[in-house]
Amino acid sequence: MMASRGEPPATKVVLLLVPHKDASFHAALRERFRVLDFFASECSPLPAFLGAAAAAPEPPRAAIVVGAGLIPVDAAFLDAVPSLRCVMCLAAGVDFIDLDECARRGVVVANSGSVFSADVADHAVGLLIDVLRRVSAAERFVRRGLWPVQGGHPLGSKIGGRRVGIIGLGNIGSQIAKRLQALGCIVCYNSRTPKDSVPYRYFTNVHDLAVESDVLVVACALNKATRHIVGKDVLEALGKDGVVVNIGRGANVDQAELVRALKEGRIAGAGLDVFENEPGAPGELFCMDNVVMTPHVAVFTAESMSDLRDHVVANLEAFFSGQPLLTPVLPHSPVN
Amino acid sequence: MASAATGAAKPGLLLLRRTDATFIAALRARFRVHDFYASGAALPDYLTAAAAEPDPPRTALVVAGGAILVDAAFLDAVPSVGCVVTTGAGVDHVDLAQCARRGAGEIFSVDVADHAVGLLIGVLRRVAAADRYVRAGLWPAQGDYPLTTKLSGKRVGIIGLGSIGSQIAKRLQAFGCAISYHSREPKAFAPYRYLPDAHALAADSDALIVACALNDATRRIVGRCVLDALGPNGVLVNIARGVNVDEQELVAALQEGRIAGAGLDVFQNEPHVPPELRDMDNVVLTAHEAVFTEESRANLQELMIGNLEAFFSGKPLLTPVLPP
């Protein structure tokens, strides 16, 4: 069923290709646009749904997508709905969107911009403090009633003075850096190109960054260059006192190598919010006290969901009124 | 106990804290150590015996949070003591007014502040609870973890703006938090908003952090009224002393949802933690370790020795504590 309640102008037709459960998100969209919701329709599989939308008298001009929705925005997709002129991605990561193909067809692409950056940065720092100060391990100790019985447990280590190497210094990486500086850490980074106005030391490659770091924080986008950017080589360079924090994408890290390194004590610990093959984390890590794992939660606060809703509405309104997008993504432009 | 053969020339030291072999060796290399815990004696007997020595000890090494109080009775028992070196981010176990000279460490402020930030992120963003969720296999089984609460930009109220409170403030400013505080008196150069009492501070805060010393004015400074003012969306973090908070009221407030959560490193009756808290996902519980890291332990030992040596060579203490 594709019809909406019919109040918004018929020309603002938007494909919703995201299984978004937030009722207020749906309500905000429906107040302003005519929404064709794939996950609420009876027209699966996707080609049938897209075909029907494209064939309608008022075909959709915008589509809301996200990487985890597993619908690649490629030539085939764009062929299926030639009326599309705008792709609105709910995340910062656009690795599933063929940006060149969109540019070729004059289709503009927007992403979440910096809506989530503070929350992701907060979570990254939370993981770092938790691993270094053993907060989750202490929690297990206390909750199991071991404090009166065992007295003490292994101490965590100091945060101030730690050298933290950030991989990717976009919105998120910069906000992480700012917080870590306030905690007394020494921040260095690697990114595709050095950033002019930042006071942190730049390394041209992640291996050299790892050599000079006590903690590596993965905060980069996922693309061909960054797949497994933290692999065996980098883990060895980081060394047995080193810690990895990953709030990028699971595939930024060679997970099998990371698990091996942790099992063999070749690195000291890890704080991970993302994994290869989510949902789920490697079982071998579940008994480790020096690892903290969260289920891809870094962006998910009540506040960020509300900000995202406003952000999506603002971008779509801009598009439909012929204005530039607020957070456009261009081919070859740095993301997050 | 007094050391053997080479003891005579070394100054005496009352050791009233548990410590490790390395540190004892370092102390024995410099001082004639009267080790209370090794003696097995009752405190009054131990003090009397030390005081009865021909060259009674002029220094005492104690620790906050332990059972030993350096009060009038203690000082009367060993009147030769002229310098008390203590560690732990508090001096509530030392009667400052009674002491002629004393010392305490600044060294812990940073570690405690870091831990406070970790507890605050932990309670708002449920890091440890989410980790439990993953370890229990619930991510594939039950799907996404529920939404948590953003930290950046929240209003933070700090009770006690001493060295620890200031360090916490500086850190949370980098998260875009708006900082307010309450302390005995406003601090002349603090760039934060001052509130005249803890209740007013709580009413205006999303997160209330207890970072004050323990004294008569601050015992149970966070009680029912302050918790109610903090409200159902507010969280409490305590890295001060368990007794700064009315623990029964706190447990009740958490059980009844009158506050949203708490991050606690200290408790009224350590090492006992109220069992009701141990099943809650909206609390973070650590075992009074905010002050302890491997590094601080080593630095601390150097600092203690440094203060003692300064005293014995007639120099100013490295880290003196001024009387209130």
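In this predicted model, helix H5(B) gives the most to the lining of the largest cavity, with 3 residues. The cavity itself has a volume of about 50 Å³. A search of the whole structure finds 4 cavities of 30 Å³ or more. Rolling a probe the size of a water molecule over the atoms shows where empty space is left.

The lining of the largest cavity draws on both chains: Gly126(A), Asp130(A) and Val135(A) come from chain A, while Gly118(B), Ile121(B), Gly122(B), Val127(B) and Ala128(B) come from chain B. By residue class, the lining holds 4 nonpolar, 3 polar and 1 charged residue.

Cis peptide bonds were found in each of the two chains. In chain A, the bond from Glu278(A) to Pro279(A) is cis, and its omega is near 0 degrees. Pro279(A) belongs to the loop that runs between strand S11 (269-272) and strand S12 (291-293) of chain A. In chain B, Glu270(B) and Pro271(B) are joined by a cis peptide bond with omega of about 5 degrees. The loop that holds Pro271(B) lies between strand S11 (261-264) and strand S12 (283-285) of chain B.

The loop between S11 and S12 of chain A also contains Asn277(A). Asn277(A) is a residue other than glycine, yet its phi is positive, near 65 degrees. Its relative accessibility is 71%, so Asn277(A) counts as exposed, the cut-off for that class being over 50%.

A positive phi also occurs at His228(A), which is not a glycine; the value is about 55 degrees. His228(A) is placed in the loop between strand S9 (215-218) and helix H10 (232-238) of chain A. With a relative accessibility of 27%, His228(A) counts as partly exposed, because this class covers the range between the buried limit of 20% and the exposed limit of 50%.

Methods
Residues numbered from 1 in each chain as written. Chains lettered and ligands numbered in written order. Predicted model: local features only at pLDDT ≥ 70, side-chain atom pairs only at ≥ 80, totals over all residues. Heavy atoms only, no water. 1 Å grid on protein atoms, 1.4 Å probe; cavity = no way out; pocket = protein on both sides within 12 Å on 5 of 7 lines; lining within 4 Å. Points joined across faces, edges and corners; volume = space filled by probe spheres on them. Helix = DSSP H or I, 4+ residues; strand = E, 2+ residues; numbered from the N terminus. Nonpolar A, V, L, I, M, F, W, Y, C, P; charged D, E, K, R; others polar. Buried < 20%, exposed > 50% of the residue type's maximum accessible area, 1.4 Å probe, protein only.
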